[in-house]
Amino acid sequence: MRRAIQQDQRAILEYLKAAVAECIYMYIDILNYGVASENMAVWLHEQDGQIELVVMKYFDSLQVYSHKRSIDVVQVMSILQEYPVTMISARRDIIEQLEEVCSGYSAFYGAVFDVSRLRRAFRVMNEAKPCKLEVTEAVEEDAAEIAKLLCSDDTFRINYMEDDLARQLADRIRTHTGRSVIIRVDGRIVAHDATFAEAEGVAVVSGLVIMPEYRGLGCYEALVSHLGKQLMEEGKTPYAFAISDKTVRYHRAVYTECGEYGKLVKTGQE
């Protein structure tokens, strides 16, 4: 396995785009940042001149993708040994293979969904019954407060260190590769939704957290509607990841399932 160089970028993107729902984050990040930057690096393995495996490090996580159902786990483990990241994400079958050889990590499994349909529906709902609380665009300086809100939720606390998440959020806002929308009450952020990654034609929506005392007041519909309207007007298809059984069942009832997903989270991060 070798480190990718700039000349590899087009071939890597073409390879990933063929199954973008299985490697959305990797595709978007390489499209936005290239194959090397301060916070990321990319490796690839080829056979007879054809790409067979791509690994990307972004901040404190690894993303792994191969069109094959059986990967060379030794190649991935060599990178993990050099960069013992907090989280590893990939298609379910890839994570199942890595789970067998990765000690000190817990596995979680779920699915990927195209969520554009219901976000359009929430736009109609919100226009019919507007939320009394105002939705605004977050700025880079809001990142630390947003990260604190997100890490108050179990879903995000097991995946992220608060400081690292704040840096990622700030970086996305600064580079326009992600956005956060928020609701404030008395100067405090009480509700948040976001795209955690986006590029031309595609976005990953995540980070929807509302403080318990402000649930049931229309914040959910207002945030989803606001962000969904922006993405729809920009021609971007929003995707979402679901992990818990309850969330997967809900998503399957209303969204279009695009693929299976898995992640390994370093033990003790929760």
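**Charges and rings by cut-off**

A search of the whole structure finds nine aromatic pairs. This is a predicted model, in which local features need pLDDT of at least 70, side-chain atom pairs count only at pLDDT 80 or more, and totals for chains, interfaces and linings use all residues. Residues are numbered from 1 along each chain as its sequence is written, and side-chain values use heavy atoms, with hydrogens and water left out.

Q: Why is the contact of Arg69 and Asp93 called a salt bridge?
A: The N to O distance is 2.8 Å. The term requires a side-chain nitrogen of Lys or Arg within 4 Å of a carboxyl oxygen of Asp or Glu, so the pair Arg69 and Asp93 qualifies.

Q: What makes Arg69 exposed or buried?
A: Its relative accessibility is 53%. Exposed means over 50% relative accessible area, buried under 20%, partly exposed in between (1.4 Å probe, protein chains only). Arg69 therefore counts as exposed.

Q: How do you know whether Asp93 is buried or exposed?
A: Asp93 has a relative accessible area of 14%, so Asp93 is buried.

Q: Why is Arg167 called partly exposed?
A: Arg167 has 47% relative accessibility. Asp164 is buried, at 11%.

Q: What makes Arg92 a charge over the ring of Tyr109?
A: Arg92 lies over the ring face, 4.3 Å from the centre. The rule asks for NZ of Lys or CZ of Arg within 6 Å of the ring centre and within 35 degrees of the ring normal. Arg172 likewise sits over the ring of Phe196, at 4.7 Å from its centre.

Terms used:
Rings of Phe, Tyr and Trp (its six-membered ring) pair if their centres lie within 6.5 Å; planes under 30 degrees apart count as stacked, over 60 as edge-to-face and the rest as tilted.
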